[in-house]
Amino acid sequence: MFCPQCKAEYRPGVTHCSDCDVELVEELSESENELPYGSLETLRSVWTGKDQARCVSLCERLKAAEIPFKVNQRQRQLLLGVDEHYKIGVPPEFFSDARKLIIKGRLDHPGETGDE
């Protein structure tokens, strides 16, 4: 399942994007599969970490600030559990503003770890 707006991939059975508040689709069309601000390779990484709640919180803040972003999520099944890794990228022209927003969030919530 995919969000037609932010292009996030969800596990089977999920029907609604928690970030965009829209219904998910089973497949993205060719045009929906393209990022509106270029490919994932052209985006600049502003945060990486293993904390899903922190990633969602940062995405909500970027969305509120009207900064376009893309989340890359990697999950690996390990013997004792699942290793999750999240990476938030933004178009280069939004990098400075996004970085300031993320640093301000870290200062507002000291003790949060796991991000670059």
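What percentage of the 116 residues in the protein chain is buried? Buried residues make up 29%, where buried means under 20% relative accessible area, exposed over 50% and partly exposed in between, with a 1.4 Å probe and protein chains only.

## Basis

This is a predicted model, in which local features need pLDDT of at least 70 and side-chain atom pairs count only at pLDDT 80 or more, while totals for chains, interfaces and linings use all residues. Residues are numbered from 1 along each chain as its sequence is written, and side-chain values use heavy atoms, leaving out hydrogens and water.

## Overall fold

The protein chain has two helices and three strands, in the order β-α-β-β-α along the sequence. Helices (H or I, at least four residues) and strands (E, at least two) are DSSP runs, numbered from the N terminus.

A contact means heavy atoms within 4.5 Å. Of the contacts between residues at least 6 apart in sequence, 54% join residues at least 24 apart. The accessible surface of the chain is about 7,600 Å², and 52% of that belongs to carbon and sulfur atoms; the areas come from the Shrake-Rupley method with a 1.4 Å probe, and for residues only the protein chains shown count as cover.

## Nonpolar cores

A nonpolar core is a set of buried Ala, Val, Leu, Ile, Met, Phe, Trp, Tyr and Cys residues joined through side-chain atoms within 4.5 Å. The largest has 14 residues, and Val46, Trp47, Cys55, Leu62, Ile88, Val90 and Ala98 have the most contacts inside it. At least two residues of this core come from each of strand S1 (44-49), helix H1 (52-64), strand S3 (81-90) and helix H2 (95-108). Another core lies apart from it, with six residues that include Cys3, Tyr10, Cys17 and Cys20.

Not counting residues up to four places away in sequence, leucine 62 touches Ile67, Phe69, Ile88, Ala98 and Leu101.

## Charged side chains

The whole structure has one salt bridge, defined as a side-chain nitrogen of Lys or Arg within 4 Å of a carboxyl oxygen of Asp or Glu. Glutamate 84 forms it with arginine 11, and their closest N and O atoms are 3.8 Å apart. Because glutamate 84 is in strand S3 and arginine 11 in the segment before S1, the pair ties together parts 73 residues apart in sequence. Arginine 11 is exposed, at 54% relative accessibility.

## Threonine 15

Threonine 15 also belongs to the segment before S1 and is partly exposed, with a relative accessible area of 48%.
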